Amino acid sequence: MVDEYEQSFPENPEATVTLNTSTATVTYAQEPSQINVICSGATCQLESYSDELTIEVSGSDQFDAEFTSEGLIISGSGKSFLVPTSIASETTVHIMIDGTTTFFSDQEHKISIVSGKYDIQVKGDVTIDTQFVYDVKKLVEEVNNGNGMSLVANKTAVDAETRIKDYQKLLAEENYSYLRVASYGDISLGYSSATHGDKNLMGDFFALKRDDGSGGNFLLGDLSNVSNINNPGQGQFSQLFLLGSITTWQFENPLDNNGEDLLNSLALVAAGDPNALGSGSSDGSGGTLALLGIQSW
């Protein structure tokens, strides 16, 4: 899987967007370029893009990334770069971020609605402090219902298996978005009372080792702070629901290395399609093992 991933990501950047303390700029590997980025002051915006090319984002040690109604906004050093939904809806946009990156959302229940196709490689650690949901109305409603009655996130493993199968079908029929995030480092899940410790992730995720052998861990975060872990019987335990796949060397909790106790109930294990990049679905069909639901750790 790692070899397949590395072969599928176009490594050589065609355009480099630099976000630093003075201004935001863009440089091209060759002129004329098949990518067009317009920069003005503190912001840059992708204006046109050609298939199978990579945009590099540099100029900071720490970046923030947010999916908004406009598209994907990557920020660093007080500057920002926008990849509009209109472009990402037409073709998969490949982005390489040179620094530790936090994906976040200020929306209710920390929902990030992913509209478009994004292939993101991070040269550093990744923190996911949001919930990634493809832009399909029924999926967004279930994750963001606000009443603790989500048919995916607050039911038993048996119920979850049934609902996930329904959502696989929904994704295959109605979804035109796709997300792939790879970290050369660790991927950490952030938790908060706003989501009651639940995480819904749609997409394919890779935690890859660096050249020095470090990284490659999928970290489950500080679950000891989640209320229903501390008070058994006070509602459903924290859950991770994944519609897609995770490729990692190790699952780990930084405070408790006994990962088997944390991953004690699988809702569904099915096959994912390694050739689905940009097709608009992570629907669990194909020939590669993909983890599609973890319930009640």
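Predicted model: local features only at pLDDT ≥ 70, side-chain atom pairs only at ≥ 80, totals over all residues.
**Entry 1: Glu 52**

Leaving out residues up to four places away in sequence, I found contacts with Pro 10 and His 94. I then checked Glu 52 against Phe 9, which is 43 residues away along the chain, and got a C-alpha separation of 8.2 Å. Glu 52 belongs to the loop that joins strand S4 (43-48) and strand S5 (54-58). I noted its phi as well: the value is positive, about 60°, although Glu 52 is not a glycine.

I placed Ser 77 in the loop between strand S7 (71-76) and strand S8 (79-84).

The bond from Glu 31 to Pro 32 is cis, and I read its omega as near -5°. Pro 32 sits in the loop between strand S2 (24-28) and strand S3 (36-40).

**Entry 2: nonpolar cores**

Which residues have the most contacts inside the largest nonpolar core? I listed Leu 46, Phe 81, Ile 120, Leu 179 and Phe 205, in a core of 56 residues. Strand S17 (residues 199-208) gives the most to this core, with 4 residues. In soluble globular proteins, nonpolar side chains tend to be buried together.

I went back to Phe 81 and listed what it touches, again not counting residues up to four places away in sequence. The partners include Val 17, Leu 19, Val 37, Cys 44, Leu 46, Ile 55 and Val 57. Leu 72, Ile 73 and Ile 74 are also on the list for Phe 81, as is Gln 45.

**Entry 3: whole protein**

I counted 6 helices and 22 strands. The protein has 297 residues, and 53% of them are buried. I took the contacts with a separation of 6 or more, and 71% of these are between residues 24 or more positions apart. For the accessible surface I have about 12600 Å², with 45% of it belonging to carbon and sulfur atoms.

Technical notes. Residues numbered from 1 in each chain as written. Heavy atoms only, no water. Core = buried A, V, L, I, M, F, W, Y, C linked by side-chain atoms within 4.5 Å. Buried < 20%, exposed > 50% of the residue type's maximum accessible area, 1.4 Å probe, protein only. Helix = DSSP H or I, 4+ residues; strand = E, 2+ residues; numbered from the N terminus. Contact = heavy atoms within 4.5 Å. Areas by Shrake-Rupley, 256 points an atom, 1.4 Å probe, with all protein chains shown as cover.
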